Each structure stands twice: as structure tokens, then as C-alpha cells.
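Subject: Structure handover

Dear colleague,

Here is the structure I said I would pass on. My notes on it follow below.

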Amino acid sequence: MSGKVRLKENGYLDEDPMTLQDIIYKYICENLDVISTVDSTGKMRLLKENIVLPNDICDRLLDALQRFRRQLGDDVLTLFARKKRTSLKIVHLRNSTLSDTGLELLLSHKLYSLSIWYCNQITVKSAAFLSLYGEGLRSLELGINAHMLQNSEPNEKEPVDFKFNCPHLRRLVLNGVVIHTGLRLNSLLELTHLDLTSCILVGFSLEILAGLPLLHTLILFNVWPIANQLQAICLLRRLRTLDISISNSGNGHGTYDLPDQTLEMIMNNLRELTHLDISGTNLAGNGVATKESNFKLRTDIPGLESRTQRPLQFLGLYHTAHSACKRHDIPANEIAGDANELQILTAARYYYDRPMLLTRVLNDLYHLFRFEICKDIHLALDAVLTAMDRHLKFKHMQISGSATLFYIVKGRDRSKFGTPLRNHIIRTLLNGMETHITDDTMLRNGYLTLTQFQMPNDVLFEYERLIKVLLHGVSKTEQEGFVQRIAIYLLNTLACQVDGKQKLFLGELGVVSTMLSLIKDRLTRSVFDDVMEVAWSTMWNVTDETAINCRRFLEGRGMEYFLKCLHAFPDREELLRNMMGLLGNVAEVKWLRPKLMTQEFIEVFAKLLVSGCDGIEVSYNAAGVLAHIASDGPEAWTIEKPTRDSVLICMVEAIQRWDILSERNINYRSFEPILGLVRCYETPQCQHWAVWALANLTQVYPDKYCQLVKQENGIKILSELIEDPRPYEDIKLIARKVIEKCTQWPNWSLDG
């Protein structure tokens, strides 16, 4: 675990905010032109000639490039090509696309420490570079999908011909490598830490390790069979840490014929051991989980009888045979197991780089949160985020972690999460969803967790990435499936509550065309569902005061789908309201209104003036569309039927039927289009609709709309209308109501 998540005295969960140094590095990573130029091929970054970066800055910059850039590959790593002006010592890479060429560039800096995980472009060709440049290495870690010393084919067990030329190596971590005598591990005389996780021993005896005088840590996790190597292990008298655990004992691995005696032999020979892991094995025996079970033994693990007075610092008992971790008398200060929360969190802390095992640990945490019995939430959250961040490409880890995150976030007041931590959770979710975008379970977990945050405020810092992930869920997942439904609801929520710039961005990413595709699909199948309804609502939101998106709607055959939906689903009030709200936005765009001037469209709008669907909403929006069309004057009315005058009469009759105190299902961010109609003196009927709209909104929602009228100079515009002789008296009467309400409202005097 990273230890970043902290529980504060006031009950808040948070992480430390970014330091000024972090902010500077983040800015540089997002604006590489500050320190570099692109070469003549347009593919590689080169450090500017007048810049020299010392080692400390180079190491930090490389770390920051991993944190703040989505992909780190050769094109960016060439920043460090000039060794006279850059210097690297510590290189830890995960999920990078660097190639053998890029790795050679990094190794040529004569590194002190190299760690590579999930860098699947690395091949065995890089082994030669390790021999060439590895003399100064003190730490080498080749994790999962780092194929420097192993063939990339999973079933290829042939060893790679390689000899370590790293005489000063102190820490060596290999994963899945075929170990053979040719590797000359016995030449690494300064080695103190050897991790051979999931390695295959081919004609290789661990006896060779007895010649390493400083070796104190030996990790043989998932190395099997190991029983025939135990005698050799017992010769390593200086060992303080020994791990002979197994992740899966279902195939017989980890099962010893004489478990009690075998463990006792290990303990009698390795007397300096402080850390022992026998998870997944039967080495803990079948001891009874009660204190009174056997008066002769002082521990419930017979093989550890010699350590009852000198307990181990750590003992791994995760998924051991006979549930050994649930026994009472265990001679260890820390225990990794699944008996309780403390053991599970201990397992998470020790197994942070064992994705298969760690996935099970996260499942255990999931059940704790699901049943609301987890106490150290900050430690659990830290464990989940660390696991998901470190093992981004491990799908089951991301699925399990995201499910646990849902219950962590759901179970607490959102305001109790500090901004840095909240951002970390959202960023981690998006990373997992992007990487496993085709997995519906991952998307479902991510979407559900995101619904627990406040939209859009909590996600604005990753707005573009989130929209792309949501659009995929809307368009690429199962028709009428849960993932599609929750994705479109989230998308609609974001579209509803963002400003014009972000609405433009939504249109550029294809939100309008995606919604129209969903509607077309459902019309083809004669299906009405909540997805169709929300698709119209989303377009209503993204077209609000955004002319380009209105044009996209029209060019995407939107009016054709409007008429088809009207004919196919005439009794769906919510659908009709959403469609007319959208057309109200289109009608506000002067240069698009000619597209609406057809006999068929105008007859439909006029007919909807008498609609009682959804209160007054449909009738109100139909009148709004017609008012904007009529405001262009008689010359713009290019159809013979229905006549402009007859439509205006019907519109006024509709307005006079509406209750001025009707509650509304509408949201205005600006009154500019409505106030534009207030100035339409050539057509008083348009003014009638506009002043009624203002009066209704200020009467029913004075807190929000009285201030908006004032801010947009509405009082002056309405006062001019009252003084003008052209509007008829009903219009002026309503206008006076608006002025009276706004001037009497308490907040008026506060702002002058």
C-alpha cells in the first residue's frame, strides 16, 4: 500500500495535495514544448539545446512523465538521449510502450536501479543491453510482461541464453523466467534480495545460492515443485525472509507429505528468519483452532513450536489448508490471511505486486464493505487504489477493485472525501475503464461508482476522458442493457450542467450523432424505452444555446426522427416534452429557422399548442418554437398553409389558457433569446409569449430567475415595452408583474 490515504481527526479521508514541485513537473509533462522540440521526422522529442538537467531532476521528470501522461514511449524518452545534458539513475517503468531501442537508451545512462512491469514491447533482444550497460546496477526488477529474459509466448519454456554481468547487483526480481545454471546467479556476490516469483527451475539447484554470502531474502512465490529444494534452502542460514507460498493449491501444488515435520525442519535450520510465507500450502498442518485443543503444544501450528517464545515478525497464511489463519495461537506479530480485516489488510500490504493473489484480497475487502463491517476504511481504500494503479492491465484486478470502490464511496458522505483523494479515485476508475473498455462488467462498476460523485463538478478535471468512456458505453454495449442505460443517464447529467464550451466539446465528440443512432435503432425495432427518452433529453441539453449542435441535429435527420417518434409514440408525455424542448433550442438559432419552415412542421407545432401533455410544457415549447419562427417577419413565412395570422391567433389562445403559477420542468441559463423576443415589436404575439415566460419563471422560481432578469438588463427592456404604444395591454400587464416581482425580491437591493 502507498500510505497516501489518511484518516484525519475531523473524519475526512484525503491525500496530501500536490506540492509546488509536483505542479511544476505536471505542467512540464503536459506542455513538453517548454523544454523540448520535435525532431525533423515529427516523431521524437529532443531536449532544447540550452537546457541541461542534472540527475535528480531527470529521475523526477521521468517519474512525472509516467504519472501525468497517458502513454510513455520512445517518442518521449528521447528527451534523455543526450547523456552530456541529462543523467538518469533510477528508472521504474509500468505500462510503457517503450521498445528495445528505448530501453537501450535508458540503460546507456549506466543506471543504479531499473524496474520494468507491463512493458510488453520489450523482447529478449534487450538482454544484450543489460550485459553491456548493467555493471553499475544495484537493483533490477523484471516484472510481468517484461520479456527481457523470457520468451513472450506463454507456453515457450526454453531458457534465454544470458549471463548476468551485474557484479554489484544487490536486489534481483524476476517473474516467470526460466532459471538455469547459465544465468550465473552465484556470481552476484553482493546480492541480498532474490525474488524468483513464478520462475521455472530447469536443472537448477538452489544450492548455488549458498555461495552468496549476503543473501537474506529469498522469494519463491509460485515456484513449484519446491519440495526437492528444501534441503538446499535450509543451507541458507542467513535468511531472514523466506517465501515458499503458492497462489493456487487446487492442482496439488503446495501440498507436502509431512507438513508439520517439513516446517519444523525449515525453522530449525533457518533460525534468523523473521518473515515467513507459507500461504496456499499445507505446511501449517491441520492444527485445531481452539486454545484448549492440545496442552502439549504452545501453538496451533505444530511446525512453529520453536518460535513460540520468539515470534516471527510476519507470517503468511493466506488461503492455507485447514484455514490456518483462523487459529488462535499463532507465533507471529503480523499475519496475512482472510480471517479478519487486519489479516486481509496485511495481505494487501505484503502482496502488492502479486496481481492474482491481490485480486482475491480485494474480493475479501469487497465482502467486508458490502456487509459494512470494515473499520479502517482509509487503509482499505489505500490498498484498493494502490492495487489498481500498479496493475492497470490486469483486468480481474480492475473489476474487483472497482466493485470495492463502489461500496467504499457509496458508504460515506461524499463531502468527507478531500479533493485530491476524490480526484485519485475518479482517475483510477477512468484508467481501468479505458484500458478494459470492451468489458461490460468493468464499465458497469465504473459507471455505478461515478454516480456517487457530484456531477459535473467532481469530474470536470477529466471531462474529456469521461465523455469518451461514456459514449463507448452508450454506443458499443448491449442494446437495452444496464451498462448502456447508466451510461446515457450519466451523459445526460453531464450535458445538462455544463457550460457552452463543454457543450461544444460534446458535439465534437459525436454526442448528437450517437443519440440519433440510438433513436433510429429503436424506431426500426418499434421499441420505446428510457434510453430513447434520455437520448432526446441529452440532445435537448447539448443544443441549449449551442447553434453548432443544433445544426448537427438537423443534418443528422433529426426532424425526420422527430416526426416518426411523434407518430409511433404519441402518448409518451416525457418523450414529447424532451423533443419539443430540443426544437425550442433549434428555433432560437435564426439561421436555422428556415429549415423548420415547412407545412408539415408548422402544422405539427400548431397542433401541439392545444396539447395538455406534461402540464403546459409541450404547449409552451410549441408556442416558443412558433414565436421564434414568427419573429422573423411575414416575409420569412414562406408557406401558404397554415397562415401566419392563424397560427399567431392559436398561439395567443394557448398562452391565455396557461396558469401563470404552473410549476415547470425546464432550466434556463440565460434569458437572452426570450428578451430578444420582448423587443419584437413588429409581432406583439411573440412579445406575449416572451413576457409570459418571464412572468411564470419569476413568480414560481424567484430565487433563481429574478436575479437573472436583472443581470441581463431585463428590467430596462420590459420598462421600454410598457412605454411603447405598439404592444397590446395584456402584454404590458404581464410585463408589470415581472418588474414588480423582481424589484420586490429581497436580493435586489443587495446587488444594487
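I start with helix α7, residues 259-269, in which Pro259, Thr262, Leu263, Ile266 and Met267 are buried. These buried residues line one face of the helix, because they fall within an arc of 130° when seen down the axis of α7. The elements that cover the buried residues of α7 include α6 (230-233), β13 (241-243), β14 (275-277) and β15 (312-316). Please keep in mind throughout that this is a predicted model.

Next, the strands around β7. Strand β7 covers residues 139-142, with Ser139 and Glu141 pointing one way and Leu140 and Leu142 the other way. All four of these residues are buried. On one pairing, β7 goes with strand β6 (residues 113-117), in the parallel sense and over four bridges. Within that pairing, glutamate 141 of β7 is the bridge partner of serine 115. To get from β6 to β7 the chain passes through helix α5 (residues 127-133), and this β-α-β crossover is right-handed. Strand β7 also pairs with β8 (residues 171-174), again in the parallel sense and over four bridges. There, leucine 142 stands opposite leucine 174 of β8.

Asparagine 175 is in the loop between β8 and β9 (178-179). Is asparagine 175 buried or exposed? Its relative accessible area is 13%, under the 20% cut-off, so asparagine 175 counts as buried. Residues up to four places away in sequence aside, asparagine 175 touches Trp117, Leu142, Gly143, Ile144, Gln150, Thr197, Ser198 and Cys199.

Now the nonpolar cores. The largest one has 161 residues, and Trp536, Phe553, Phe562, Phe605 and Trp689 have the most contacts inside it. Phenylalanine 605, leaving aside neighbours within four places in sequence, is in contact with Met559, Phe562, Met580, Leu583, Ala622, Val625, Leu626 and Ile629. Another core, of 95 residues, lies apart from the largest one and has Leu62, Leu77, Leu105 and Leu273 among its members.

On charged pairs, how many salt bridges does the structure hold? There are 33 salt bridges.

Glutamate 49 forms a salt bridge with arginine 85, with 3.8 Å between the closest N and O atoms. This pair links distant parts of the chain, 36 residues apart: glutamate 49 is in the loop between β4 (45-47) and α2 (55-68), and arginine 85 in the loop between α3 (74-77) and β5 (90-94). Glutamate 49 is exposed, at a relative accessible area of 59%, whereas arginine 85 is buried, at 12%.

Aspartate 544 and arginine 669 also meet through their side chains in a salt bridge, at 3.3 Å from N to O. Aspartate 544 lies in the loop between α18 (530-542) and α19 (547-555) and arginine 669 in the loop between α24 (644-657) and α25 (672-678), so the pair ties together parts 125 residues apart in sequence. Aspartate 544 is buried, with a relative accessible area of 14%, while arginine 669 is partly exposed at 33%.

Lysine 590 is exposed, at 53% relative accessibility, and aspartate 632 is buried, at 16%.

The network of salt bridges links Arg427, Glu434, Glu462 and Arg465. One of its members, Arg427, is also touched by phenylalanine 461, whose contacts beyond four places in sequence are Asn423, Ile426 and Arg427. Phenylalanine 461 sits in the loop between α13 (440-450) and α14 (463-476), and at 33% relative accessibility it counts as partly exposed. From threonine 41, phenylalanine 461 is 420 residues away in sequence and 33 Å away in space, C-alpha to C-alpha.

Regards

Definitions and conventions:
Residues are numbered from 1 along each chain as its sequence is written. This is a predicted model: local features need pLDDT of at least 70, side-chain atom pairs count only at pLDDT 80 or more; totals for chains, interfaces and linings use all residues. Side-chain values use heavy atoms; hydrogens and water are left out. A salt bridge is a side-chain nitrogen of Lys or Arg within 4 Å of a carboxyl oxygen of Asp or Glu. Helices (H or I, at least four residues) and strands (E, at least two) are DSSP runs, numbered from the N terminus. Buried means under 20% relative accessible area, exposed over 50%, partly exposed in between (1.4 Å probe, protein chains only). Two strands pair if DSSP finds at least two bridges between them. A crossover is right-handed if, with the strands pointing away from the viewer, the path from the first strand over the helix to the second runs clockwise. Contact means heavy atoms within 4.5 Å. A nonpolar core is a set of buried Ala, Val, Leu, Ile, Met, Phe, Trp, Tyr and Cys residues joined through side-chain atoms within 4.5 Å. The arc is that of the directions from the helix axis to the C-beta atoms.
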